[in-house]
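Here are some notes for a colleague who is meeting this structure for the first time. Please keep the sequence and the model open while reading.

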Amino acid sequence: MHDDEEEDKPSHRRMQNVGEQGHMALLGHSLAAYISVLDRERLRKLITRIASDTTLWLCRLFRYESGSAYYHEDDREGLLKVCRLVLNTRYEDYSTEGYTVLNSRQPVIYQSATCRPGLGQHLCSQLGLPLSSLCTVPCNTMFGSQHQMDIALLDKLIREDVETGKLPLLLIANAGTPGAGHTDKLGRLKELCEQYGMWLHIEGVNLATLALWEVSSPVTAATRSDSMTLTLGPWLGLPAVPAVTLYRHEDPALSLAAGLTSSQPVEKLRALPLWLSLQYLGHDGIVEKIRHAVELSQQLLEKLKTLASIKTSGVVSLSRIPPISGGSLRDLLGSLILSIVEDELNSPVVVFRFSQETSAESSGGSVEGYFAGEREVLDSLNRWLCERLAQLVPSSGVDIVELEDEGTCVRFTPLMTAAALGTQRCDVDLLVERLIELIPVLNCTLRLRLDFREEVYRHSALSYIEDLNWPGLGAVRYEPRIEELNDSKRKLEVEKINSELLVKLQELDADLIFSTGLEFGPEKDCIFIGMATEDLDVAELVDTIAALGRDIEENGRLLENMTEVVRKGIQEAELQLQKDNQDKLMEEGVLRQIPLVGSVLNWFSPFQSTVKGRTFNLAAGSLDSTEPTYSMKAQTGGLASPETPTSSAKRLPGQRLFRRDGAGGSDSHSETSSVGQAEDLSRERFPQPTTPTPPSPVPDEAVSVVPESPETPQRPPTQENGEVGTQEGEEEEREPVGQEAPVEETGR
């Protein structure tokens, strides 16, 4: 199974930690299959005892008195059956007339805007109701949490529906929203439901805290609801156990008609895996697991409050309220807001994000609105932050959540992950340590992003690519200076040059990451630069990209012109050979060209002919004579070909690129590089004389002067003229004490 996984999948994903309680739950499924073969009477007695015991334990554990339980695999199925129960209760003839009784008064289901996506649509499709029967209630925007249902607006919507002849049927509330883990004002919602005769159903991760000794008052109000859904599998780390919907209803016939109870004994065996697990864990074991998850959330929240660049969701302090003269109204507002968000402070879900607003306070103010699209940029950086934290600390179980107001955030939900991953307090400490290490990288990248764009604009050959979803410095594209090509050929040329440029940049010894960007990103044929550090020299980085792109473009043009140069050289060589043959014929005469006569004539009177050779210089594209080569016993040096501009990418081995002056180890490297460039410049101004040597001669332009390593010192050649001696003297003055820069021989 692991071999079939794709290589590009994140390596931090791992299987659920199945402990002894997990094996007990898995054993329940196989045991249920064995029990199903018993005779009908014994099976009925056994499963009735199992179902009643499990229901009693759950109702006592989660403080839900006089409740019944429905066990289901899909966590939405319990709510669906509850809706059928309410329809049978509010419409007397629904069981016989069906949907026709709904024409008199259309039922309406109310849900919060922060409910699970697609939940309301799923209910309408399964119940055969139109989407007009679904009413989505917005959340608060002025006071308190922006993820809690607006009760005043809900009351207004219900009154409007009643006036138009509709029937308020059911309200879905949250005790821990799927995104941020916020709890609605359940007490006030229950009063509103009693006023209009609606059914109140509650779901959410915060319902797990009902098993603790100390429960916050907003969550305690969930015990007064008409039904609620519990997902015990993630909370307790139990694989393949069913979800449970606890409900209160006095008519067993209607419950049977809605499907909440079944006359088939085998269906009641769904409770067996959960029954075994609860027996194994016991009351103390269940409470300890939930308490441990809540303590992990509180531990992380306390540590995040000390980080200036991290903003937690749902935490309101009195200092955020603007000062009011007199102070009394300000104190009143502060008390009101703090009481509204009391449940958020006790939520076992921690949502946080990197925010540039607090990161810029140390520099004298906020940079909010400093550049266009900053919301998208911050979202991309927070996505990168969550992915890095998940890779560095996989046992933390952090994931990405998209919130409407805050944007992309990092979510820590130990109630859903800690039992399966085995998260401990040391994992939370490690998570905070890794977060502290990544915050400077985020700050530097956000600050240098604008500098990178300005530096790219300074180079005419580079184009800045605006991609707000890229978590890094940005993207750049090298534009070749080719105007005579059409659009298709130019696009191919741009793709070729940028692909080669990306390979060269990836081979550099630098801390930056160069890539082709996001897999499904809109921008192609460009180079994306990753996250930056404090000592990054943006100007040097952009200059290096431009220089490497220019080298690739010039080398490409040289290769394209090479074919034409060689073809013209061959044609010229053929003309020269024909001319040489004609000159030889005129010089030797016709008789010497006859095979037999020419041999006899040459034997009696040998003829000294002049050998005229030709050499083709690829660099210059010219056809030259070989007479100087044979006379001096060595090839003469032609005009030196223009060298490619020296880029900043050429550094000494072991030196990191794109570091600003003052960074660790950069001074010594910069001094060595400047000395080497001065030596190269002096050798270009004073070319070395050619010295005949027996081995195969090479042109002077192919000779490079490189300082030898101290392990293999070599003596410089004997001075033949004053020019060479002068050059060596200048080099010795520029070399550091104790080092020599011997000049290699020409024939080497």
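This is a predicted model: local features need pLDDT of at least 70, side-chain atom pairs count only at pLDDT 80 or more; totals for chains, interfaces and linings use all residues.

1. The structure holds 20 salt bridges, of which a few are taken up here one by one. In one of them the side chains of R42 and D39 come together, with a distance of 3.7 Å from N to O. R42 is exposed, its relative accessible area being 60%, whereas D39, at 39% relative accessibility, counts as partly exposed.

2. Another salt bridge joins the side chains of R411 and D399, at 2.8 Å from N to O. This pair links distant parts of the chain, since R411 belongs to strand β11 (residues 407–412) and D399 to strand β10 (residues 399–403), and the two residues stand twelve residues apart. R411 has a relative accessibility of 14% and is therefore buried, as the limit for that class is under 20%. D399, on the other hand, counts as partly exposed at 29% relative accessibility.

3. A salt bridge also connects R458 with E455, and here the closest N and O atoms are 2.5 Å apart. R458 counts as exposed, with 58% relative accessibility, while E455, with 18%, counts as buried. Elsewhere, salt bridges that share partners bring D75, R116 and E203 together in one network.

4. Turning to the rings, the count of aromatic pairs comes to five. One of these is formed by W57 and W275, which are stacked, with 6.3 Å from centre to centre and 15° between the planes. W57 lies in helix α2 (residues 40–61) and W275 in helix α11 (residues 272–304), so this pair ties together parts of the chain that are 218 residues apart in sequence. The relative accessible area of W57 is 29%, and W57 is accordingly partly exposed.

5. Why is the W57 and W275 pair called stacked? The angle between their planes is 15°, and the pair counts as stacked because planes under 30 degrees apart fall into that class.

6. Two further contacts of rings deserve a place in this note. F452, Y457 and Y464 form one aromatic cluster.

Terms used. Residues are numbered from 1 along each chain as its sequence is written. Side-chain values use heavy atoms; hydrogens and water are left out. A salt bridge is a side-chain nitrogen of Lys or Arg within 4 Å of a carboxyl oxygen of Asp or Glu. Buried means under 20% relative accessible area, exposed over 50%, partly exposed in between (1.4 Å probe, protein chains only). Helices (H or I, at least four residues) and strands (E, at least two) are DSSP runs, numbered from the N terminus. Rings of Phe, Tyr and Trp (its six-membered ring) pair if their centres lie within 6.5 Å; planes under 30 degrees apart count as stacked, over 60 as edge-to-face and the rest as tilted.
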